[in-house]
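Student: I would like to learn how to read aromatic ring pairs in a structure model. Could you take me through it step by step?

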Amino acid sequence: SMLETRQVDAVACVASNEETWSNPNPILAQTTDEVLKGRGVKPSLAPSLNILDEVKNDPSIRRLLFCGVGCSVQALRSIENELGIEIFILGTNCVDNSPSPGAAAEFIEKGAKVFSDSVRGYEFMQDFRVHVKTEETYLTIPYFCLPGTIAESSIAKSCRSCFDYTNALADVVVGYMAAPLDGKSRMDESW
């Protein structure tokens with residue numbers, strides 16, 4: 001990894017809050033174990049740039065790997081020169097974030113009819129289904145079976161007019177966009 005080979009001094013990523021899977025918690029990782037806390041989808045808007053003051057005030061950080069979705073990357077690119085460090089950006093594709101962790105939980109309960117206490121993650125996938133991973137099982141729910149009114153409260157207004165779904169300003173983008181899905185694959189299996 002870039003961190004292990006010392007190509008970067010830290011990695012800015014979004015971990016899950018200790019309390020719930022859907023509550024994003026931006027972190028400044030300086031070990032591989034800390035980076036691994038950023039695994040998985042966080043289905044609500046994340047304040048990814050909150051760590052920038054910490055980066056700016058830490059003289060040991062001269063090279064940063066920032067992991068984020070298009071809106072965070074757009075904002076970071078607009079101020080990166082002010083930080084005075086070298087920044088590498090690993091972008092991810094984004095799919096309609098909820099405005100809050102509560103809205104994400106409401107989407108799962110009211111839209112997908114799955115109780116959020118057992119949910120460990122969900123993702124809108126290219127097979128036109130919502131894939132939901134729980135402690136006990138793995139479910140797929142066709143988009144067209146979701147209530148038509150569920151989008152109003154569960155998708156952030158800013159995401160409805162997204163202009164950078166593909167994360168064009170990132171150095172490299174990873175994700176499943178345009179990847180084949182054979183109908184048997186799961187979001188938590190690697191290719």
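Predicted model: local features only at pLDDT ≥ 70, side-chain atom pairs only at ≥ 80, totals over all residues.

Student: What describes a pair of aromatic rings?

Tutor: A pair of aromatic rings is characterised by how far apart the centres are and by the angle of the planes. In this structure, a search of the whole model finds five aromatic pairs. In one of them, the ring centres of Phe107 and Tyr122 are 5.2 Å apart and the planes stand at 35 degrees, so this pair is tilted.

Student: Which parts does the pair of Phe107 and Tyr122 tie together?

Tutor: Phe107 belongs to helix H4 (residues 101-111) and Tyr122 to strand S5 (residues 119-125), so the pair ties together parts that are 15 residues apart in sequence.

Student: Are Phe107 and Tyr122 buried or exposed?

Tutor: Phe107 is buried, with a relative accessibility of 3%, and Tyr122 is buried as well, with a relative accessible area of 4%.

Student: How are the rings of Phe124 and Tyr143 arranged?

Tutor: Their centres lie 5.7 Å apart and their planes are at 55 degrees, so the pair of Phe124 and Tyr143 is tilted. Phe124 lies in strand S5, while Tyr143 lies in the loop between strand S7 (138-142) and helix H5 (150-154), so this pair ties together parts that are 19 residues apart in sequence. Phe124 is buried at 15% relative accessible area, whereas Tyr143, at 24% relative accessibility, counts as partly exposed.

Student: Which residues do the ring pairs link into a cluster?

Tutor: The cluster linked by ring pairs consists of Phe107, Tyr122, Phe124, Phe128 and Tyr143.

Notes: Residues numbered from 1 in each chain as written. Heavy atoms only, no water. Phe/Tyr/Trp six-rings, centres within 6.5 Å; stacked < 30°, edge-to-face > 60°. Helix = DSSP H or I, 4+ residues; strand = E, 2+ residues; numbered from the N terminus. Buried < 20%, exposed > 50% of the residue type's maximum accessible area, 1.4 Å probe, protein only.
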